[in-house]
Amino acid sequence: MASTREKTLLEHCEPPYPVGTVVEDTSAGRIGEIKGALIERGVDGRPMGTTVYLRPKGGGTEWETLPESILPVAPNG
């Protein structure tokens with residue numbers, strides 16, 4: 001059976017805060033460091049969404065979230 005999902009392209013993009021910034025992922029209730037971001041585009045070039053990649057400070061398993069779900073953490077927080 002053929003897939004009906006639209007074809008898309010992924011490319012690296014600037015995350016909402018610099019790589020290495022410690023942020024809170026409000027959707028997951030976790031704290032992590034920004035490792036990067038990808039934007040998904042339709043084959044016509046229109047943006048379809050951005051994903052930010054986070055990793056726990058000090059190491060661990062990376063996870064992904066939406067840009068609107070992250071807030072910077074105070075340096076002493």
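Q: Which strand is Ile 34 in?
A: Ile 34 sits in strand S3, residues 30–42. Keep in mind that this is a predicted model.

Q: Buried or exposed, that Ile 34?
A: Ile 34 is buried, because its relative accessibility is 0% and the cut-off for buried is under 20%.

Q: What does Ile 34 touch, leaving out residues up to four places away in sequence?
A: Its contacts include Pro 15, Tyr 17, Pro 18 and Val 19. Val 52, Tyr 53, Leu 54 and Ile 70 are also among them.

Q: And Glu 62, how far from Ile 34 in space?
A: The C-alpha to C-alpha distance is 9.6 Å. In sequence, Ile 34 and Glu 62 are 28 residues apart.

Q: Switching to Asp 25. Where does that one lie?
A: Asp 25 is in strand S2, which covers residues 22–25.

Q: What is the nearest side chain of opposite charge to Asp 25?
A: Arg 30, at 6.6 Å. Asp 25 is buried but has no salt bridge.

Q: Then which side chain does the Asp 25 side chain make a polar contact with?
A: That of Trp 63, at 2.7 Å.

Q: What else is in contact with Asp 25, beyond four places in sequence?
A: Besides Trp 63, Asp 25 is in contact with Arg 30, Leu 54, Thr 65, Ser 69 and Ile 70. Leu 54 and Ile 70 also turn up among the contacts of Ile 34.

Q: Back to Trp 63. What lies over its face?
A: Arg 30 does, 3.7 Å from the ring centre.

Key. Residues numbered from 1 in each chain as written. Predicted model: local features only at pLDDT ≥ 70, side-chain atom pairs only at ≥ 80, totals over all residues. Heavy atoms only, no water. Lys NZ or Arg CZ within 6 Å of the ring centre and 35° of its normal. Helix = DSSP H or I, 4+ residues; strand = E, 2+ residues; numbered from the N terminus. Buried < 20%, exposed > 50% of the residue type's maximum accessible area, 1.4 Å probe, protein only. Lys, Arg positive; Asp, Glu negative; His and termini not counted. Salt bridge = Lys/Arg side-chain N within 4 Å of Asp/Glu carboxyl O. Polar contact = N/O pair within 3.5 Å; in protein donor to acceptor, adjacent residues only side chain to side chain. Contact = heavy atoms within 4.5 Å.
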